[in-house]
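I opened my notebook to look up a few places in this model. The entries follow in the order in which I took them.

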Amino acid sequence: MEIHGLAHAAQLPTPPPDALDDEDMIISEPADVVAVANAEPPPKAVEDCHKVKILGMGTFSEVWLVSPKREQKPETLYALKQLRKADVIRLKQVEHVQNEKSILELCRHHPFITTIFESWQDRSSLYILLEYAPGGEMFGYLRRAQRFDYPVAQFYAAELTLVLVFLHNHGVVYRDLKPENIMIDARGHVKLVDFGFAKVVGDRETYTLCGTPEYLSPEVIQSKGHSKAVDWWALGVLIYEMVLGYPPFYAESPMGIYKKIVDARITFPTWLPPNIRDIVQRLCTKDLSARLGNMKGGGFEVMQHPFFNGIDWRELESQKHKGPLIPQLRFPGDTQYFENYEPQELSADSTYPDSMLAEHDHLFRNF
Amino acid sequence: MSLPALYLEEIDALSRKISQAQPIDILQFCANHFHGRLEAERNQHLASQSSTSLSSMVNPFAMASDTFPGTFGGFGGGPFDGSRDAIREEEEELHSPTAPTFKPQFSMGGMGGRPGSSGSGRRTHSPSGGGGGGPRRPMHVAGSPFLSPSGGSHLGPPSAGQDFPSNYNRNRRTSVSAESLVPTTSDDEWSPPIHPKTSDQMNRLRAAVSNNFLFAHLDEEQDSQVLHALVEKPIPNKGMRVITQGDVGDYFYVVEKGDFDIYVNSAGRMMPGPDGMGKRVTSIGPGGSFGELALMYNAPRAATVISTSSDNILWALDRVTFRRILMENTFKRRRMYEAFLEEIPLLSSLITSERSKIADALDTETFEAGAIIIREGDPGDRFYFIEQGVAEVHKSSQPGGYVRTLNKGDYFGELALLNDAPRAATIVAKSKVKVAYLGKAGFQRLLGPVADIMRRNDPRLGEGVDPLAGPGGFDGSIDVMQGPFGMGRPVEV
Ligand SMILES: Nc1ncnc2c1ncn2[C@@H]1O[C@H](COP(=O)(O)OP(=O)(O)OP(=O)(O)O)[C@@H](O)[C@H]1O
Ligand SMILES: [Mg+2]
């Protein structure tokens with residue numbers, strides 16, 4: 001394997017989209033929907049944005065598809081993540097939100113991470129303006145297909161491995177890998193979103209329990225202090241879920257899930273190819289001295305696993321080819337790959353009274 | 001309360017089928033039966049709508065057949081066959097009425113609100129419903145709504161869909177998070193709260209939490225701090241609600257005295273009205289506990305708990321205190337490990353990140369006074385630190401056996417990292433001893449062979465100074481006598 005191919009992954013320049021794929025690009029492909037994102041400077045205030053539709057909803061955030069007002073054709077589209085300050089404070093997520101912004105800035109222009117264009121705040125909300133990934137979440141494709149074929153799962157796992165290697169090289173742990181946070185772009189490549197739990201940890205351990213129940217690692221559940229190794233565990237869970245359609249540890253109740261995770265026993269159907277079984281077992285290893293990705297070779301060892309046989313890492317990283325599933329967009333703002341969300345009534349908890357502002361707003365000074 | 005007629009009909013039908021089939025696995029049989037029923041009913045329902053919606057639908061999930069060249073070892077047959085899959089996808093739409101889809105007309109609930117938080121769409125496939133149903137292995141459900149759309153070109157065997165677990169909830173999952181906590185840097189900034197208890201109470205509490213896996217791996221110090229932090233909470237009357245289903249929860253409770261009933265409303269939260277608490281699922285008495293999820297993060301309560309006797313006493317523990325105790329202890333211990341590691345001449349060339357990797361992977365073990373930790377002549381494959389307690393070194397070649405005493409921070413057996421020579425001494429615990437250890441294999445997986453690490457950049461190696469004869473270490477000299485390295489001098493390998 002070419003090690004230098006990976007060293008390159010550490011500072012990957014974004015290839016100009018039109019330089020790619022000359023031969024197998026379909027003219028009407030709406031790939032250029034995102035390509036024109038630098039035609040005009042991106043908006044810097046919510047008043048400059050036309051809110052088209054809600055793309056996603058989190059515990060204290062909404063993500064909107066927006067287009068800048070005063071925009072000529074062709075239309076530029078962005079995803080605008082709006083976080084309500086009151087909820088951020090109430091749920092004690094101030095630090096996470098700061099991390100989200102600063103790490104997105106660190107990762108600007110990585111091809112498999114949504115680019116941050118702007119961030120700002122107004123009286124009651126924080127905003128992050130992101131590159132829009134029109135293909136929706138991997139989650140939707142996976143639930144519909146039930147399972148991905150080996151090559152499809154292999155492709156996504158490989159792109160995500162490059163992302164993790166990149167993040168870890170920068171001392172960043174991601175901590176929320178799951179199909180819901182993996183978007184598909186116009187050419188079928190992955191775009192990782194939601195850096196709400198990402199954190200610069202360097203080589204140290206960190207302690208805040210966060211993530212998604214089925215994807216938590218044993219050391220997080222047991223509050224032993226955790227580090228970048230949690231992302232490799234989660235990659236194992238993801239590969240399993242991609243090829244089988246359900247995660248390796250599930251139960252009716254969260255506590256039931258956690259007991260199973262701490263037991264770390266995984267069952268595989270007998271027909272599953274040994275390479276898949278093996279990589280999942282190695283990634284989902286409780287013993288940190290034996291977990292693939294956490295050992296001497298780091299992410300390189302993951303890349304060398306036979307599960308990835310046939311992957312040309314350099315080609316992959318240059319996005320020479322399109323991905324296995326291409327969204328069929330009928331027009332630029334086509335959001336058929338996103339679920340429909342009702343705009344929520346602001347709950348009483350989400351209002352940001354003056355008293356709260358006076359007490360806490362300084363926390364957002366650097367946002 | 002009378003049961004709905006529709007329910008009685010269904011149960012009658014099921015009973016007839018059971019008496020006909022005489023199945024061995026009754027539960028599985030029932031699950032299959034109801035899945036079949038559900039599917040049939042939904043199909044009927046959809047069929048009445050589908051003629052219009054299907055024809056107007058554009059399949060948004062067509063595969064790209066012109067892309068993704070076959071760099072893959074040909075597993076699972078040919079490349080993506082876009083057109084064929086596209087048709088199957090549409091069929092799948094019909095046969096899979098309970099799967100979440102993107103088309104509102106097919107959506108069976110759960111969409112349009114906050115993902116994951118709406119009760120209606122969740123657990124559609126759960127055969128048991130109700131809390132505590134517990135884990136199940138993937139089932140082989142005939143007629144499962146999750147039949148794979150695949151033919152031979154897909155990953156699994158032709159009948160791949162058959163081993164899809166029908167009780168897995170396929171909805172979008174939301175993330176969870178505790179309050180972010182950062183360890184205090186100086187020792188005296190935070191000390192855990194102490195609520196006095198009799199030793200009887202301590203013992204009862206210890207027994208109550210001992211089989212709870214969130215407490216099972218705590219070390220002694222964490223354990224006692226956590227128990228001391230539990231605060232008494234009297235519940236003087238009958239009929240008082242301690243926690244309410246659907247509310248956010250911050251406390252975990254242990255019952256000291258009294259009795260409590262647990263109710264679950266299938267709507268996911270307590271509703272107004274006389275039956276608002278839902279069904280009584282169990283009751284808890286002294287020694288029982290509830291609300292443990294609140295120790296991990298802020299999540300809606302899964303049940304309502306209400307007192308059924310007067311003069312009850314609970315012990316309560318809040319999440320932030322629990323997590324802080326765990327974190328502060330772990331943090332201190334990790335820094336201690338790293339400091340220990342710095343003392344080992346054999347590992348003096350490790351950089352900080354490597355030391356923290358090792359510290360991350362250390363395991364602990366406790367020995368009672370008198371126990372033998374390692375035995376002379378046994379094969380050695382781990383190195384150890386003393387984290388707590390006192391131990392003695394004994395050698396058979398020594399008159400009287402005794403060589404010296406080891407205290408906190410001392411280490412032994414580190415030459416096991418270098419070679420497979422048998423242990424050159426016996427280490428006996430003189431008091432209760434807690435050791436941290438790492439095996440040779442683990443060490444090598446994390447950092448590679450120790451010999452390489454020693455060779456790296458230790459200038460003393462070139463000057464004939466023995467790097468194994470450093471201050472903290474003793475058994476360098478002992479182990480080394482029998483090792484392949486002469487008098488403790490590492491050899492370039
Ligand atoms: N750049 C983007 N392009 C398109 N859709 C996006 C983008 N960013 C986010 N989304 C959509 O919004 C959803 C929520 O975004 P995100 O995960 O960042 O929010 P969150 O509040 O952290 O969510 P949660 O708490 O559920 O994890 C995503 O899962 C995705 O569907
Ligand atoms: Mg998310």
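**Entry 1: a strand in chain B.** I started at Ile262(B), whose bridge partner in S8(B) is Val305(B). Before going on I noted that this is a predicted model, in which local features need pLDDT of at least 70 and side-chain atom pairs count only at pLDDT 80 or more, while totals for chains, interfaces and linings use all residues; side-chain values use heavy atoms, with hydrogens and water left out. I also noted that residues are numbered from 1 along each chain as its sequence is written, and that chains are lettered from A and ligands numbered from 1 in the order in which they are written.

Strands here are DSSP runs of E with at least two residues, helices are runs of H or I with at least four, and both are numbered from the N terminus. Two strands pair if DSSP finds at least two bridges between them. I found that S5(B) pairs with strand S8 (residues 304-307) of chain B over four bridges, in the antiparallel sense. S5(B) is also joined by five bridges to strand S6 (residues 279-284) of chain B, again antiparallel. In S6(B), Thr282(B) stands opposite Ile262(B).

I then checked burial (buried is under 20% relative accessible area, exposed over 50%, partly exposed in between, with a 1.4 Å probe and protein chains only). Five of the five residues of S5(B), residues 260-264, are buried, so the strand is largely enclosed by the rest of the structure. Phe260(B), Ile262(B) and Val264(B) cover one side, and Asp261(B) and Tyr263(B) the other.

**Entry 2: a loop residue.** I looked up Gln245(B), in the loop between strand S3 (241-243) and strand S4 (251-257) of chain B. Gln245(B) counts as buried because its relative accessibility is 4%. Leaving out residues up to four places away in sequence, its contacts (heavy atoms within 4.5 Å) include Tyr263(B), Val264(B) and Thr304(B).

**Entry 3: the magnesium ion.** I asked which residues coordinate ligand 2, the magnesium ion. They are Asn181(A) through OD1 and Asp194(A) through OD, at 2.2 to 2.4 Å. The two residues are 13 residues apart, in the S6-S7 and S8-S9 loops of chain A respectively. Donors are N, O and S atoms within 2.8 Å of the metal (3.2 Å for Na, K and Ca), and sites may look incomplete, as water is not among the atoms. Asn181(A) is buried at 5% relative accessibility, and Asp194(A) is partly exposed at 23%.
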